[in-house]
Amino acid sequence: QMQLVESGGGSVQAGGSLKLSCAASGRTLSSYAMGWFRQAPGKEREFVMGISKSAGNTYYADSVKGRFTISRDKNTVYLQMDSLKPEDTAVYYCAARIITSFPSDYVPLKQDEYMYWGQGTQVTVSS
């Protein structure tokens with residue numbers, strides 16, 4: 001069982017930036033497509049951004065277009081969040097799906113496609 005650990009959350013004023021990180025304990029992420037999701041109070045968890053195993057393909061939600069960037073290296077996936085808005089306030093989760101039969105540029109978009117989840121990190125944006 002792989003454990004994902006997020007870090008980098010916190011409180012920031014609108015217009016500020018945060019960078020979230022997600023790492024797996026005891027293993028690399030090189031065989032996994034990775035995604036970031038978020039859940040705001042009273043709302044369902046939603047897809048934010050995803051990156052393929054190869055890092056050659058990314059997808060993002062329209063709500064974060066031009067403001068968030070996803071990247072990865074062998075051991076960690078990152079979510080750079082700029083121009084933050086109060087509506088970005090949520091618990092952010094990273095998720096992983098091992099990629100074997102799919103092409104290396106495949107990016108899962110749905111929650112049920114992901115096998116492993118982190119515990120989440122709180123991001124609070126004040127106006």
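Where is arginine 67 found? In this predicted model, arginine 67 sits in the loop that runs between strand E6 (58-60) and strand E7 (68-72).

**View 1. Arginine 67 and its surroundings.** Arginine 67 counts as buried because its relative accessible area is 9%, and buried means under 20%. Its side chain makes a polar contact with the side chain of aspartate 88, at 2.7 Å. Leaving aside residues up to four places away in sequence, arginine 67 touches Gln80, Met81, Asp82, Ser83, Leu84, Lys85 and Asp88.

**View 2. Strand E5, enclosed by the rest of the structure.** Take a look at strand E5, residues 46-51. Five of its six residues are buried, so the strand is largely enclosed by the rest of the structure.

**View 3. Strand E4 beside strand E5.** Here strand E4 (residues 32-39) pairs with E5 in the antiparallel sense, over five bridges. Within this pairing you can find tryptophan 36, which stands opposite methionine 49 in E5. The hairpin of E4 and E5 has six residues between the strands, and glycine 42 there takes a positive phi near 80°.

**View 4. Strand E5 beside strand E6.** E5 also runs antiparallel to E6, joined to E6 by three bridges. Follow isoleucine 51 across to E6 and you reach its bridge partner, threonine 58. E5 and E6 form a hairpin with six residues between them. In that turn, alanine 55 has a positive phi of about 70°.

Methods
Residues numbered from 1 in each chain as written. Heavy atoms only, no water. Helix = DSSP H or I, 4+ residues; strand = E, 2+ residues; numbered from the N terminus. Buried < 20%, exposed > 50% of the residue type's maximum accessible area, 1.4 Å probe, protein only. Polar contact = N/O pair within 3.5 Å; in protein donor to acceptor, adjacent residues only side chain to side chain. Contact = heavy atoms within 4.5 Å. Pairing = 2+ DSSP bridges.
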